[in-house]
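The structure is shown first, and the account follows.

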Amino acid sequence: MSDYEVIIVGARVAGASLAIRLGQLGIRTLVVEKARFPSDTLSTHLLSHQHYLDVLGVKEKVAGLGLREIRRMRTYIGKSFTEAERDGATVIPGRASFDSLLMEEATAFETVEFKEEMQVRRLLWTDGAVTGVEIVDRKGKKTELTAGLVVGADGRNSTVAAEAGAAMYDYTPAQRPVFYGYYEGVSPLPDPAVEIFLEEGRIGFVFPMQEGMDCLGLEIHPEEFKSFARNPQNEFEEVFKRMYGMEARMEGSVLHGKVIGTPGVPNFFREPYGRGWALIGDAAHAKDPSTGLGMNDAIWQALLLAEVIQKTADGASFEEEMEKYRKERDEVLKPSYDFTLGYISTLRSWTEEELEAFRKWASNPVMVKNQVPAFTEMFK
């Protein structure tokens with residue numbers, strides 16, 4: 001008999017969400033995480049599909065974080081902007097608090113166990129099938145644990161994916177470096193909004209979190225990464241203050257922690273399963289964070305995989321159910337994947353003629369009103 005029915009490698013949003021669902025189903029589950037919680041991780045932060053919180057049973061706990069519900073989006077091009085109401089509310093949790101909250105919910109179930117600061121070194125195999133993992137703690141002690149299914153929720157550089165030989169497809173390398181930081185005291189808009197700044201071929205983001213706390217983000221040009229990495233806070237703030245209105249709004253604001261970043265996020269799908277193993281979250285599918293879909297995609301994959309695990313436990317074929325999973329995953333996520341790649345590939349500095357045209361459009365309500373019917377027809 002195996003030690004567990006399922007071992008999940010990675011306790012961030014994808015892994016923690018799957019653990020909650022498996023706990024709800026009474027499935028013996030172990031979650032292994034290399035970090036110690038609470039801890040931050042690179043993230044898009046946006047949680048637009050709040051109905052997932054109901055499914056996971058954490059809506060009241062998330063409400064207790066004091067997050068603002070954001071129902072508007074503002075887009076700046078140069079010194080002009082447009083603003084509109086979003087379809088539904090978005091919340092923007094910090095990952096240290098949100099990931100910990102999810103794992104607390106998961107471990108409230110008697111069938112879910114959590115091991116922090118444990119690194120998975122390799123997969124265990126029997127007759128061509130994955131049967132468990134070898135983990136090592138901070139002191140170097142190794143332990144072998146077995147399971148009927150090992151799930152890699154361990155990010156883009158997934159050990160599970162590498163050990164299983166999961167093939168990538170539809171791959172596009174990282175396009176743009178990303179940096180962000182948490183700032184207290186940024187002057188807010190009258191109605192909080194997700195703000196997107198398109199300036200000199202860069203993208204700036206303001207994500208309102210709790211009252212008085214915002215996540216500021218930048219996607220920059222690849223050639224700027226080295227200078228940002230050497231002095232991230234100064235470089236970040238110098239560029240961000242050039243965004244429309246931000247120098248005044250950032251006066252007196254305080255950075256909490258550090259500005260963190262990455263040279264960029266590769267874009268891909270991976271084969272999501274094999275004998276005894278499966279992948280979810282960024283281990284299975286990743287894309288540039290500019291469209292802010294990562295957390296939502298991760299939870300959706302976790303809920304979909306939980307359905308497969310339940311069906312398999314009831315006697316269905318794992319291979320058949322996982323092939324349905326792969327097909328549905330690709331069909332659902334491919335449109336937003338292509339949109340994201342198309343979006344970042346067209347980013348560049350605006351010409352003065354384009355800026356002047358946008359200024360005239362954004363500042364003229366009659367022109368905007370006349371264009372609405374045309375936009376409606378385009379998006380039918």
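## Aromatic contacts and sheet

One aromatic cluster is formed by Tyr76, Phe81, Tyr183, Phe197, Phe236, Phe240 and Tyr244. The model is predicted: local features need pLDDT of at least 70, side-chain atom pairs count only at pLDDT 80 or more, and totals for chains, interfaces and linings use all residues. Residues are numbered from 1 along each chain as its sequence is written, and side-chain values use heavy atoms, with hydrogens and water left out.

The whole structure holds 15 aromatic pairs. Rings of Phe, Tyr and Trp (its six-membered ring) pair if their centres lie within 6.5 Å; planes under 30 degrees apart count as stacked, over 60 as edge-to-face and the rest as tilted. Two edge-to-face pairs are tabulated.

| Pair | Centre distance | Plane angle |
|---|---|---|
| Phe197, Phe240 | 6.1 Å | 70° |
| Tyr273, Phe318 | 6.3 Å | 80° |

Phe197 lies in strand S11 (residues 194-199) and Phe240 in helix H7 (residues 232-240), 43 residues apart. Helices (H or I, at least four residues) and strands (E, at least two) are DSSP runs, numbered from the N terminus.

Seven strands make an open sheet of mixed pairing, ordered S4-S3-S11-S12-S13-S10-S14. S4 (80-90) and S14 (254-262) are at the edges, each with a single partner strand, so one side of each lacks a neighbour in the sheet. Strands pair if DSSP finds at least two bridges between them; S10 (residues 178-184) and S13 (residues 213-219) pair antiparallel over seven bridges.
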